[in-house]
Amino acid sequence: MSEVKLSAATRTNFGKGAARQARRDGLVPGVIYGHGTDPKHVDVEGHGLMMALKTPNVLLSLNIKGGGTELVIPKAVQRHPVKRTLTHVDFLIVQKGEKVTVEVPVVTEGDLAPGANMLETLLTTVSVEAEATHIPTEVTVSIEGLEAGATIHASDLVLPAGTTLAVDGETAVLQVVAPQAEEPAAEAATEGEEA
């Protein structure tokens, strides 16, 4: 995964008023922490950050004005409940070669076996451990031809080289279920016979 470069500035004013002003100026307040360092409060360019966060577990290179460069991943993202705009982001410092545990989306491909079977998604993401600069954007699993009763466990997922599961391999991720019987229609037919 390539890193996304964003500009940031050290934040000196705190509180709701300062955060609102930063957002009006097109910036997103954030905190950088990790590796035993003191937390750094920053304002990050809003549009670039919003676009970067469309990729799960994106690797960011924050160029902090007067404070050097930090390699980080987003750890917690807060959004406005209605507008869905970014309101605050917590960043975790990472180093090249370091392993991190992250949640990666599970994506399906293919079609189930013919019939009215349904795919039940038990986990939309799976926890994996990967090198900080090579975090997979997603884990793809084929459901081609699966019949009712089939279950895909975490251990069945094909992970990229250097990535390992951070959950129990027996954890169910997806399962194929048969459609439920249409009881209301059967009840209506029984009531019609009684009449």
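Me: Quick one to start: is Val104 buried or exposed?
Reply: Val104 is buried, at a relative accessible area of 0%. Buried means under 20% relative accessible area, exposed over 50% and partly exposed in between, with a 1.4 Å probe and protein chains only. This is a predicted model, where local features need pLDDT of at least 70 and side-chain atom pairs count only at pLDDT 80 or more, while totals for chains, interfaces and linings use all residues. Residues are numbered from 1 along each chain as its sequence is written, and side-chain values use heavy atoms, leaving out hydrogens and water.

Me: Thanks! Where does Val104 sit?
Reply: Val104 belongs to strand β7, residues 99-109. Strands (E, at least two residues) and helices (H or I, at least four) are DSSP runs, numbered from the N terminus.

Me: And which residues does Val104 touch, leaving aside its neighbours within four places in sequence?
Reply: Its contacts include Asn57, Thr124, Val126, Pro136 and Val139. Contact here means heavy atoms within 4.5 Å.

Me: Let's follow Asn57. Where is that one?
Reply: Asn57 lies in the loop between α2 (46-52) and β4 (60-65). Asn57 counts as buried, because its relative accessibility is 14%.

Me: What does the side chain of Asn57 reach?
Reply: The backbone oxygen of Glu103, at 2.7 Å.

Me: Changing topic: which strands make up the closed barrel?
Reply: Six strands, in the order β1-β3-β2-β6-β5-β4, and the pairing is mixed. Two strands pair if DSSP finds at least two bridges between them. From one strand to the next, the twist averages 45 degrees. Axes are lines fitted to C-alpha atoms, for helices over the stretch in contact, and angles run from 0 to 180 degrees between N-to-C directions.

Me: Which helix packs on that sheet?
Reply: Helix α1 (residues 16-24), which touches β2 (27-34), β3 (37-45) and β6. The direction of α1 makes about 115 degrees with that of β2.

Me: How many bridges link β5 and β6?
Reply: Seven, with β5 (residues 68-79) and β6 (residues 86-93) paired in the antiparallel sense. Pro74 stands opposite Phe91 in β6.

Me: What about the open sheet, which strands are in it?
Reply: Three strands, ordered β8-β13-β11, with antiparallel pairing. At the edges are β8 (118-121) and β11 (151-153), each pairing on one side only. Neighbouring strands of this sheet are turned by 15 degrees against each other on average, direction ignored.

Me: Last one: how many bridges join β8 to β13?
Reply: Four, and the two strands run antiparallel, with β13 covering residues 172-177. Glu120 has Gln175 as its bridge partner in β13.

Conventions
Polar contact = N/O pair within 3.5 Å; in protein donor to acceptor, adjacent residues only side chain to side chain.
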